[in-house]
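The notes are in the order in which I looked things up.

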Amino acid sequence: MLLALPVELRAGEQEAGNFLGNLTTRAIQDLSDESLPMKERQDRFRGLFRENFDVPTIGRFVLGRYWRRASKDSRADFLMVFEEVMVARFAPKFAGYGETRFDVGVVRPLQDKGQYIVSTTIRPPESEVLTIDWRVREHGGRFKVIDVIGEGVSMALTLRSEYSSAIRDLGGKVENLTAMLRERALSGEGPKTTESASN
């Protein structure tokens, strides 16, 4: 078993890296065409987001203790609106990214079983190089993203802080946060404090 363990870890690291490489390749292929209508770009991004991000896990984390207090219907409503906020915020960023290179670098296993940090370098044709770390988790034979860390800033932690503060200001109810986020999504806005975690 001691001899087999490093082999298992290396296999998991390779699979995590392959997952991220395939995801970024698909994102560029599906979303970078500048002539693509925004509605189509958003629909494609939504499909990739649902397939490759563990939205329930992210939602539970960003709501923190308020998730436990919320009803089943309130949780479901929040997750639906949270998805729309992510679509509104990030789908437009891919326009014109056809020449961008996404290079997968080091993959590090974490203490939490089945979780890895996948480091990537993003090289836009006419912009500064970005380093993005992706926290991914394998469950049931599939990998999904549970956090994105840009220049050392965690999107999940940033959203947790933002949303907790907003809920407190809105009377302690998740429903009020959901209503505010729905307005943002309809207006084309996204999370206001996650620029450094995503750019």
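The entries below cover helices, then strands and loops.

**Entry 1: the model.** I am working from a predicted model, not an experimental one.

**Entry 2: helix H5.** I checked the length of H5, residues 72-90, against its residue count. At 1.5 Å a residue, its 19 residues should span 27 Å, and the end C-alpha atoms are 27 Å apart, so the two agree. I then listed the buried positions of H5: Ser74, Phe78, Leu79, Val81, Phe82, Glu83, Val85, Met86, Val87, Ala88, Arg89 and Phe90. I noted that this list includes the charged residues Glu83 and Arg89.

**Entry 3: helix H3.** H3 runs over residues 55-63, and its buried residues are Val55, Thr57, Ile58, Gly59, Val62 and Leu63. After H3 comes glycine 64, where I read a positive phi, near 55°.

**Entry 4: H3 against H5.** How do H3 and H5 pack, by angle and by distance between axes? I found an angle of about 105° and axes 10 Å apart. An angle from 65 to 115 degrees counts as roughly perpendicular, so H3 is roughly perpendicular to H5. On the H3 side the contact is made by Val55, Pro56, Ile58, Gly59, Val62 and Leu63; on the H5 side, by Phe78, Leu79 and Phe82. I sorted these by class and got eight nonpolar residues, one polar and no charged ones.

**Entry 5: lysine 39.** Lysine 39 sits in helix H2, residues 38-52. Is lysine 39 buried or exposed? Its relative accessibility is 54%, and the cut-off for exposed is over 50%, so lysine 39 counts as exposed. I also looked up its separation from alanine 91, which is 52 residues away along the chain: their C-alpha atoms are 9.7 Å apart.

**Entry 6: the S1-S2 hairpin.** Strand S1 (residues 101-109) pairs with strand S2 (residues 115-123) in the antiparallel sense, over seven bridges. For valine 107 I found valine 118 in S2 as the bridge partner. The two strands form a hairpin, with five residues between them. Within that turn, glycine 114 has a positive phi of about 80°.

**Entry 7: glutamate 151.** Where does glutamate 151 lie? I placed it in the loop between strand S4 (142-150) and strand S5 (153-154).

Note on methods: Residues are numbered from 1 along each chain as its sequence is written. This is a predicted model: local features need pLDDT of at least 70, side-chain atom pairs count only at pLDDT 80 or more; totals for chains, interfaces and linings use all residues. Side-chain values use heavy atoms; hydrogens and water are left out. Helices (H or I, at least four residues) and strands (E, at least two) are DSSP runs, numbered from the N terminus. The expected span of a helix is 1.5 Å times one less than its number of residues. Buried means under 20% relative accessible area, exposed over 50%, partly exposed in between (1.4 Å probe, protein chains only). Axes are lines fitted to C-alpha atoms, for helices over the stretch in contact, and angles run from 0 to 180 degrees between N-to-C directions. Angles under 35 degrees count as roughly parallel, over 145 as roughly antiparallel, 65 to 115 as roughly perpendicular and the rest as oblique. Contact means heavy atoms within 4.5 Å. Two strands pair if DSSP finds at least two bridges between them.
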